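Hi,

Here is the structure I said I would pass along. Have a look at it first, and then read on for my notes.

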Amino acid sequence: MIPFLTIASTLFLSSVIAADEAFPSIPTTFHVAMTSSDDLKPIRREVYGERKIFDITHRYTQDMPVWESTEGVKPFLRLTTSMKNQSLSNTSEMKLSVHTGTHLDAPGHFHDKYYDAGFDSDSLDLQVLNGPALLVDVPRDKNITAEVMKSLHIPKGVRRVLFRTLNTDRRLMFEKEFDSSFAGFMMDGAKWLVENTDIKLIGLDYLSFAAYEEARETHKFILGERDIIHVEALKLDGVEVGVYSLHCLPLRLPGAEGAPTRCILIK
């Protein structure tokens with residue numbers, strides 16, 4: 001677990017922390033250069049280039065859900081130096097779990113021997129994390145079982161699949177309170193995937209790719225393979241089913257069993 005990450009305040013994080021005498025609140029909007037100084041407001045996008053690039057990463061906010069918590073992430077970002085206090089620059093500090101928001105898991109997350117051996121987020125293969133990907137719709141009101149996997153008819157040779165479930169329809173990633181009824185992989189679905197497909201990357205739309213009731217066992221099984229990467233908490237609303245070029249870039253965090261990850265789809 002990485003205790004904290006220090007980042008420049010120009011990161012597009014739309015979070016607010018309570019002001020105190022030492023640290024003013026971080027604003028919800030960030031100034032950008034414009035011809036007029038009367039209306040400084042950035043443009044925040046989900047889609048770029050006339051629907052050719054889709055940002056499928058969730059913004060980090062204090063109200064996004066956290067595993068088995070009712071309180072959300074809570075304040076996690078503060079200014080350590082502020083120009084309002086006569087400092088030369090604004091500099092922010094961020095403290096949160098590496099499994100917050102859109103992120104991936106490394107084998108060491110559920111296997112201590114892999115953690116000790118160094119199978120961390122910095123060891124994951126960028127060739128798996130980047131390349132052609134298929135976005136599919138999972139039948140609603142269903143977890144991903146072996147039967148569901150068969151029904152999706154994913155062709156052999158497909159290596160990256162993003163599974164959009166009822167989680168997206170329910171907008172669970174926009175709810176502060178953790179919801180254990182989210183849809184995800186059941187153990188038999190994960191075993192069917194390993195035994196019958198060429199998939200090496202799984203993407204899902206909530207905090208866990210595996211359904212709550214079998215989360216531990218299914219994580220251990222998939223991570224035990226060490227050649228399958230799963231990306232969790234993807235933002236898949238507003239994107240059509242089909243084939244895209246997927247690009248996922250996790251932070252390089254040696255020693256960490258997971259990492260926040262920026263993911264985009266290019267049509």
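Below is what turned up, starting with the disulfide and then moving to a threonine.

Keep in mind that this is a predicted model.

The disulfide

The structure holds 1 disulfide. The partners are C248 and C263, with the two sulfurs 2.3 Å apart. The link is right-handed, with 120° about the S-S bond. As for where the two ends sit, C248 belongs to strand β11 (residues 242-250) and C263 to strand β12 (residues 258-266), so the bond ties together parts that are 15 residues apart in sequence.

Are these cysteines buried or exposed? C248 has a relative accessible area of 1%, so it counts as buried, the cut-off being under 20%. C263 comes out at 0% relative accessibility, so C263 is buried too.

The threonine

T100 is found in the loop that runs between β5 (91-94) and β6 (103-105). Despite being in a loop, T100 is buried, at 6% relative accessible area.

What does T100 touch? Setting aside neighbours within four places in sequence, T100 is in contact with Y60, M64 and V73.

One more pair to look up in the viewer is T100 and A233: they are 133 residues apart in sequence, while their C-alpha atoms are 8.6 Å apart in space.

That's what I have for now.

Cheers

Note on methods:
Residues numbered from 1 in each chain as written. Predicted model: local features only at pLDDT ≥ 70, side-chain atom pairs only at ≥ 80, totals over all residues. Heavy atoms only, no water. Helix = DSSP H or I, 4+ residues; strand = E, 2+ residues; numbered from the N terminus. Buried < 20%, exposed > 50% of the residue type's maximum accessible area, 1.4 Å probe, protein only. Contact = heavy atoms within 4.5 Å. Disulfide = S-S within 2.5 Å.
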